[in-house]
4 protein chains.
Amino acid sequence: MRMSLVGFIGLGNMGGHMARNLMKNGRSLIVFDLNKAVTEQFKADGAIVAKHPADVAAAAKEIMTVLPSSPHVRNVYTGDNGILKTIQPDTLCMDSSTIDQTVSIEMARLLREKKSLYIDAPISGGVGGAQAATLTFMVGSGSDQVFERAKVILSAMGKNIVNLGAVGNGQAAKICNNMLLGIHMIAVAETMNLGIKMGLDKKALAGILNTSSGRCWSSDTYNPVPGVIEGIPPSKGYSGGFGTTLMAKDLSLAQNAATNVQAPTPLGSLSHQIYRLLAQDPQFQAKDFGVVYQFLKDNTK
Amino acid sequence: MRMSLVGFIGLGNMGGHMARNLMKNGRSLIVFDLNKAVTEQFKADGAIVAKHPADVAAAAKEIMTVLPSSPHVRNVYTGDNGILKTIQPDTLCMDSSTIDQTVSIEMARLLREKKSLYIDAPISGGVGGAQAATLTFMVGSGSDQVFERAKVILSAMGKNIVNLGAVGNGQAAKICNNMLLGIHMIAVAETMNLGIKMGLDKKALAGILNTSSGRCWSSDTYNPVPGVIEGIPPSKGYSGGFGTTLMAKDLSLAQNAATNVQAPTPLGSLSHQIYRLLAQDPQFQAKDFGVVYQFLKDNTK
Amino acid sequence: MRMSLVGFIGLGNMGGHMARNLMKNGRSLIVFDLNKAVTEQFKADGAIVAKHPADVAAAAKEIMTVLPSSPHVRNVYTGDNGILKTIQPDTLCMDSSTIDQTVSIEMARLLREKKSLYIDAPISGGVGGAQAATLTFMVGSGSDQVFERAKVILSAMGKNIVNLGAVGNGQAAKICNNMLLGIHMIAVAETMNLGIKMGLDKKALAGILNTSSGRCWSSDTYNPVPGVIEGIPPSKGYSGGFGTTLMAKDLSLAQNAATNVQAPTPLGSLSHQIYRLLAQDPQFQAKDFGVVYQFLKDNTK
Amino acid sequence: MRMSLVGFIGLGNMGGHMARNLMKNGRSLIVFDLNKAVTEQFKADGAIVAKHPADVAAAAKEIMTVLPSSPHVRNVYTGDNGILKTIQPDTLCMDSSTIDQTVSIEMARLLREKKSLYIDAPISGGVGGAQAATLTFMVGSGSDQVFERAKVILSAMGKNIVNLGAVGNGQAAKICNNMLLGIHMIAVAETMNLGIKMGLDKKALAGILNTSSGRCWSSDTYNPVPGVIEGIPPSKGYSGGFGTTLMAKDLSLAQNAATNVQAPTPLGSLSHQIYRLLAQDPQFQAKDFGVVYQFLKDNTK
């Protein structure tokens, strides 16, 4: 039995690797992206290149979307040449964008009206995970049956496909994790800076934290102090990695959600403001979010 | 060869278990504590009970002190009947109190004038670790030789004895870890509350965080939401554990240190204020610090 | 010359007094509100009562709207029986609701398509000012001519009608003022609490602040400590006044706007979180926002 | 009757002008300062120059001290050549330094043992007020009689001499005012930045705030946005005025006090951290504290 064509919209830093992993897995793709250089490459590798999202929806009944923000998602689904114009019944759209939960829920409603399905399946694991097909997918599918159908596709791109229940729950989980991560990175940066100023060796301090109750991913896997862990962005001039602007964006989604459900988030909201300061500072704007360590340390010496 | 007497001052929640572990290890103790009920029990078990810290110092050349705060330490060492009155040359005082780094450094200086040694060796691992002799000691000893001498004693009470260099570095590491822990606990509380309000199941959310970049001890080992992890204080009405008042105290030490070395700590300072609010609220004052989750969640429903 | 009928939609705490002031000024009104008890009273006093906002728009070419939030405004203007269904060319809608700036701008666009005018004219001055016709109107009218037309009506309800330029600028000014006010009230509460705990007499401290660089409306006119200023809500059990829930709402508008224009607001965002905590606490929820003083002071004594 | 000699220790930015005003008022001075250039000038103008604080105390029974921080005060009073070495009975020391309340209280105790008097009399009004003799003195004198004695001297340097009761209350009032001021300046900076980004004219926005409930000294007298008020530091490149480093110091005193009396100060503590960030940034370090506006605004455009 020949496997059906899969649609893929959004071939950026994450989406590009994900689409290639689908192809490695034996899938034929029809792709769309605004960046011609990228689509040319996919064409060379055997993918069909669509002119519009609508053309993807006309050809494929399984569609991945991996887009930068809520307005992009709205446009790809509901725009003039959007998916909704041509979508076939029983299509499954899997959206791995990190966006407002309310937008995911709205898209699902619009697709239901077309007898189709929308699930939110945001990802964690970074560019490395996208490339190695080791991503985690946080899936809000609404039913086990839909989840199982999605899992067939998603498994080619990740190793951890989590069923979180209702549509929107994927976004909730993603936003919660990233809010916590955003707080932790600042917390580790200020803690490391304090300890170093008090006289501790940076590696000795990290060693204590990593084996004590202060342990966290931001200290043991992605320590923001250059030289504590080799090979990660903080040890490479904060180049690559996860940018301050993206973190500011994810924390703004968390703040929107917190206002919506009326949940107080004192540290999440202060962290949001700190990344916003970084995101508008020419020194820090284009750097990995671990650069908050440089923002906090004394720059007069 | 008969082992020499060890002095032990401060037989509270932590010190009591630690002293017993020394006795189990075959050590004879001379102890001091203001609480008579406690010293009576140690007497019944074979320890000598001293009238004053000075009596301890007259009898023992290895002395542990485990006290609640900087003023207590000052008083036990420099008070009218304090250790300094009778200390013998070449005595080693090991202070496992969590106090101001500046006080540790001052005590070390005063003991040096008496040809004796003071090291700071604050602990992590909680009451459970004290009882099971699995504590971590963060040691600021000033030299490898002194560290090795201390290790002989400390090993009877903990399993992880870390040499951090100069006197005061133990306090620095302890304060840094606890500041990070204090921030993380609030961060996890607000993240879990947000996610639950957005529709996620609490265990599913914790599962995502614990396998993603938001992972930390406060989510995977001590999650503040009742029922996520059984057997810990948050699942037992926040009884036992580490009190909000103690966390407020440790964060005030961190803030003093940060002001001293001029390190900005935006999240550490806001967290300090939040624990201070808890510590003065009759509902939360006597509870484990995970109760910050109850403080943040909606109490009108 | 007989004056034309004025439409008035939203007869709540503020709107009710404002509509009465228009009537005192000789204006005939056609009114709409969901609360029948209120509209009955207006009917008894000579106003026409409309069934729907659309009926108001069919009858009047000058319409005031004073509504609680963005969704209410959207519904009154664009709903099934909304103003837009029947609006006459050259109608001037003056909206004194405090809402998202983006909604004001959108309403203005929709009315322009109907050859009509929408201005935002949010108010300050409280219920007292509404009653005494001494409100300040912050007007985003788009042109001097429109402003002058609106001023004829607004002057009957306020004494300070400020022309701020483009539509949406009224909301910007209102939100900015209320964000600053919200911060100040917490700031004064924590300052007064600190000073009193340090030994100062509350009136002596307020006296110093009010004649020094700490001077502000929240200290010299609306001091949150009971007994400092008589006759205001903080001296009357925090009853009446401006509720914590309303302040939380206004600060959420400020946060939405700040995210929108990417302006960092560290104190505004922390203040928002504090009012959110108050708004979900049964003790503080229904109280004047000065009650933040009670939230901060030690409640164990 | 010839007036007695007045001692004056600390001839810096504030003290220099204050001492001159005493001389203008007909007082003969004996002065001390480490800066020889300054004391030479006072000598030329007729003052006696002392070698040490002790020489001042040997010659004068009314002594002003105007010093930068707690350690300086401790040293001038209790150091090897300090005031306490030679102080005459019934001397009145008036300390206008801004320092830890606990240090003021300790100095008063030490002077009482010498049958002398210490009062804290910190000042507000800035360099301008020092020069024009229009300062406010916040006096913690302990008794009306002592206050009246001090007032005779202080009136030559200020126009508002406030009796606040117990020794230490002057520091409490000063610290409270400056904490409130420090918060307000950031609050106005973020509010103005938000409003301007939302489209408002800066002067129109300031006008609204200054006539509404957001009114405060930092908006109506010392607005941090360049060009809103002419002639103040924010309109002169943030030169002169009150430096970010001094504000960071005053807020650290407030935080010490808050920890001491256990008063939660969420905004005071966050503001402290923000000034600390400014104080260690080469761009902002030497500038007036209104420069927080530049820190918050978008610097990428």
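In this predicted model, 56 residues of chain B are in contact with 56 residues of chain A, contact meaning heavy atoms within 4.5 Å. About 5000 Å² is buried between chain B and chain A, and carbon and sulfur atoms give 69% of that area; buried area here is the accessible area (1.4 Å probe) that two parts lose on being put together, summed over both. B:Met198, B:Ser213 and B:Leu267 supply 14% of the area that chain B buries against chain A, more than any other three residues.

A word on conventions. Residues are numbered from 1 along each chain as its sequence is written, while chains are lettered from A and ligands numbered from 1 in the order in which they are written. Local features need pLDDT of at least 70, side-chain atom pairs count only at pLDDT 80 or more, and totals for chains, interfaces and linings use all residues, with side-chain values taken over heavy atoms and hydrogens and water left out.

Back at chain B and chain A, the count is two salt bridges, a salt bridge being a side-chain nitrogen of Lys or Arg within 4 Å of a carboxyl oxygen of Asp or Glu. B:Asp220 and A:Arg215 pair up in a salt bridge through their side chains, at 3.0 Å from N to O. There are also 20 residue pairs in polar contact between chain B and chain A (both at pLDDT 80 or more). A polar contact is a pair of N or O atoms within 3.5 Å; within protein, one must be able to donate a hydrogen and the other to accept it, and residues adjacent in sequence count only if both atoms are side-chain atoms. Elements that give two or more residues to the side of chain B that touches chain A include strand 9 (158-163), helix 8 (169-197) and helix 12 (266-279) of chain B. Helices (H or I, at least four residues) and strands (E, at least two) are DSSP runs, numbered from the N terminus. Helix 8 of chain B brings the largest share of that side, 19 residues. By residue type, the side of chain B that touches chain A splits into 33 nonpolar, 19 polar and four charged. In this scheme Ala, Val, Leu, Ile, Met, Phe, Trp, Tyr, Cys and Pro count as nonpolar, Asp, Glu, Lys and Arg as charged, and the others, Gly among them, as polar.

Chain D and chain B meet through 17 residues of chain D and 17 residues of chain B. The area buried between chain D and chain B is about 1300 Å², with 51% from carbon and sulfur atoms. On the chain D side, D:Pro264, D:Gln273 and D:Arg276 lose the most area to chain B, together 42% of what that side buries. The salt-bridge count between chain D and chain B is zero, but seven residue pairs are in polar contact there (both at pLDDT 80 or more). Helix 11 (244-261) and helix 12 (266-279) of chain D are the elements giving two or more residues to the side of chain D that touches chain B, and helix 12 gives the most, with seven residues. That side of chain D divides into six nonpolar, 10 polar and one charged.

Turning to annotated positions, UniProt (unreviewed entry) places the feature "active site" at A:Lys174; its positions are given in the numbering used here, feature names are shortened, and annotations may be inferred rather than shown by experiment. A:Lys174 sits in helix 9 (residues 169-197) of chain A and is buried, at a relative accessible area of 9%. Buried means under 20% relative accessible area, exposed over 50%, partly exposed in between (1.4 Å probe, protein chains only). Leaving aside residues up to four places away in sequence, A:Lys174 touches A:Thr98, A:Pro122, A:Ile123 and A:Met138. A:Asp298 is also buried, with a relative accessible area of 13%, and touches A:Lys197 and D:Gln280, again not counting residues up to four places away in sequence.

Over all chains, the whole structure holds 32 salt bridges. One of them joins the side chains of D:Arg149 and D:Glu62 (3.2 Å, N to O). This pair links distant parts of the chain, with D:Arg149 in helix 7 (residues 144-154) and D:Glu62 in strand 4 (residues 62-65) of chain D, 87 residues apart. D:Arg149 is partly exposed at 24% relative accessibility, whereas D:Glu62 is buried at 13%.
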